[in-house]
Amino acid sequence: MVLPTVAIVGRPNVGKSTIFNRIAGERLSIVEDTPGITRDRIYATSNWLTRDFALIDTGGIEMTDVPFMTQIRAQAEIAMNEADVIVFVVDGETGMTDADQDVAQLLYRSNKPVILAVNKTDNPERRLDIFDFYSLGLGDPYPISAVHGIGTGDLLDAIIAAFPENAETKENPDLIKFSFIGRPNVGKSSLINAMLGEERVIASPIAGTTRDAVDTRFVDNDGQEFLMIDTAGIRKSGKVYETTEKYSVLRAMRAIDRSDIVCLVVNAEEGIHDYDKHIAGFAHDAGKGILLVVNKWDTLEKDDKTMKKWEEDMRHQFQFLDYSPIVYVSALTKQRLVQIPEKIKAIHKAQNNRIGSSVLNEVLMDAIATNPTPSDKGKRLRIYYGTQVSIKPPTFVVFVNEVELMHFSYVRFLENQIRKAFVFEGTPIKILVRRRK
Ligand code: GDP
Ligand code: GDP
């Protein structure tokens, strides 16, 4: 499923990031919990009235040493490239400015639905001032106050009404969508070219959005169909903002959302960076399959302990990815490259794995027998039964007497027991705890 995407644009200080945070909510994830990584988010997924969508705050993509107007024009351009619906934010307190008119001119030409939000409309008197903004020619202005949470419901209704019809097209469930993600120069393009050199590429891109046109479809010798999702850093078009770190993270996150499986590529010469952990955390939170790829293996002076040392270091750095396989490859010498499609297929199988309830409950009951459930103030957690409720990622619901008695560490224990009993290589699994009524 391709998520419809909403981008927020507008001058600095009109309230874009306040609106973003209000819509995206404050869910804390592994990504934000990892020390040393930036907390200011520019990309999130959210939902309103059962519709899921992706949200981008273009204001967070800052370019240093460029004039003010170049900066906001570039942000508007990003919105026009990436989004299905654009929310153009103006400031009801300061009123209309030349820059607003300039951005409106650009957005006109996008052929994308634009929704005009007049922020800082904190009280009813200010609502009278919104009429000036009709002159921008973008239709009805929506008065909102992001700080006070006024008007955001109407704004979201308008956003959802503007989503394209085909945003949630049905797809072939056997198609494996994957992407190579990683810092510049780790060898993503080389890996892609080496892989495509071996496979039969299907020329016609999938009908649909223009974004899909840069993706590549191919079939392997077993007849398995793949869709390789393109990411920035692979095919560049030369725009100013493409070199910014934030934009590259944004493109990586978008590619992850569109992929079933993410191949996170690190360079054996350089080791692991915060960027890699950030991206891996995002993929984990999104429930995607993850393959860790150590490329440029040919550049290392190796002895019989090198791989073991790398394994230990990778496991230490990516602790929450203990389920992900690691491959050590060289795009240059083609060493072990065959393992990449093999592992991708294995992960795809694992993330689509469905476990029958009776065998699942045998595993759960054995687990409880070897490690008694926690108790608090004389009250013991009772686990009645569990069932798998979905795939991609495999998700289990465990019914208990009291949700509060379940510890994080016991959930972790149950996850480990499930992983020991069944094959869930490369995929996160989710365990939800519910009270049995
Ligand atoms: P951005 O640069 O467009 O992302 O703007 P910010 O979200 O950082 O907001 C800029 C300033 O406007 C901050 O001081 C916010 O607290 C303030 N602000 C945002 N929304 C509102 C609002 O609805 N009413 C008022 N009065 N202030 C707001
Ligand atoms: P990208 O920016 O991640 O797409 O990286 P590229 O595929 O453009 O590769 C960056 C550089 O690393 C190029 O000079 C490649 O020839 C080189 N390179 C890529 N893979 C390997 C490898 O496995 N071994 C060695 N020695 N060099 C590699």
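**A loop residue and its surroundings**

A: Asn111 is placed in the loop between α4 (98-108) and β5 (114-119); helices (H or I, at least four residues) and strands (E, at least two) are DSSP runs, numbered from the N terminus. The model is predicted, so local features need pLDDT of at least 70 and side-chain atom pairs count only at pLDDT 80 or more, while totals for chains, interfaces and linings use all residues. Residues are numbered from 1 along each chain as its sequence is written, and chains are lettered from A and ligands numbered from 1 in the order in which they are written.

The backbone of Asn111 deserves attention: its phi is near 60°, a positive value in a residue other than glycine. Asn111 is exposed, because 8 other C-beta atoms lie within 10 Å. The cut-offs are as follows: a residue is buried if 20 or more other C-beta atoms lie within 10 Å of its own, exposed if 12 or fewer, and partly exposed in between, with C-beta atoms placed from the backbone.

A positive phi is also found at Arg336, where the value is near 55° and the residue is again other than glycine. Arg336 is in the loop between β13 (326-328) and α10 (339-351). With 15 other C-beta atoms within 10 Å, Arg336 is partly exposed. Another loop, between β16 (383-390) and β17, holds Pro393. A cis peptide bond joins Lys392 to Pro393, with omega about 0°.

Asp260 is in the loop between α7 (245-258) and β11 (261-267). Asp260 is buried, because 22 other C-beta atoms lie within 10 Å. Asp260 and Gln351 are 91 residues apart in sequence, yet 8.8 Å apart in space, C-alpha to C-alpha.

Gln351 and His348 are among the buried residues of α10, as are Ile340, Ile344 and Ile347. The 13 residues of α10 should span 18 Å at 1.5 Å a residue, and the end C-alpha atoms are 18 Å apart, which agrees. The expected span of a helix is 1.5 Å times one less than its number of residues.

Tyr410, Leu414 and Ile418 are buried in α12. These three cover an arc of only 85° around the axis, and therefore they are on the same side of α12; the arc is that of the directions from the helix axis to the C-beta atoms. An α-helix has 3.6 residues a turn, so residues three or four places apart point the same way. Phe408, Ser409, Arg412 and Lys420, on the other side of α12, are exposed. The buried residues of α12 pack against α11 (357-370), β17 (395-400) and β18 (430-435).

The wider picture concerns domains and ligands. The domain assignment, which is automatic or taken from a database, gives domain 1 (5-162), domain 2 (176-350) and domain 3 (357-435). Domain 1 has 19 residues in contact with 17 residues of domain 2. On the side of domain 1 that touches domain 2, α3 gives the largest share, 3 residues.

Ligand 1 is surrounded by 15 residues, the closest being Gly15, Lys16, Ser17, Thr18 and Val147; a residue is near a molecule if its C-beta atom, placed from the backbone, lies within 6 Å of it. Helix α1 (residues 16-24) supplies the largest share of the shell around ligand 1, 3 residues. Around ligand 2 there are 17 residues, of which Gly187, Lys188, Ser189, Ser190 and Leu332 are the closest. The largest share of the shell around ligand 2, 3 residues, comes from helix α6 (residues 188-198).

For the protein as a whole, the secondary structure comes to 12 helices and 18 strands. Of its 437 residues, 38% count as buried. Among contacts between residues at least 6 apart in sequence, 72% join residues at least 24 apart.

Conventions:
Contact = placed C-beta atoms within 7 Å.
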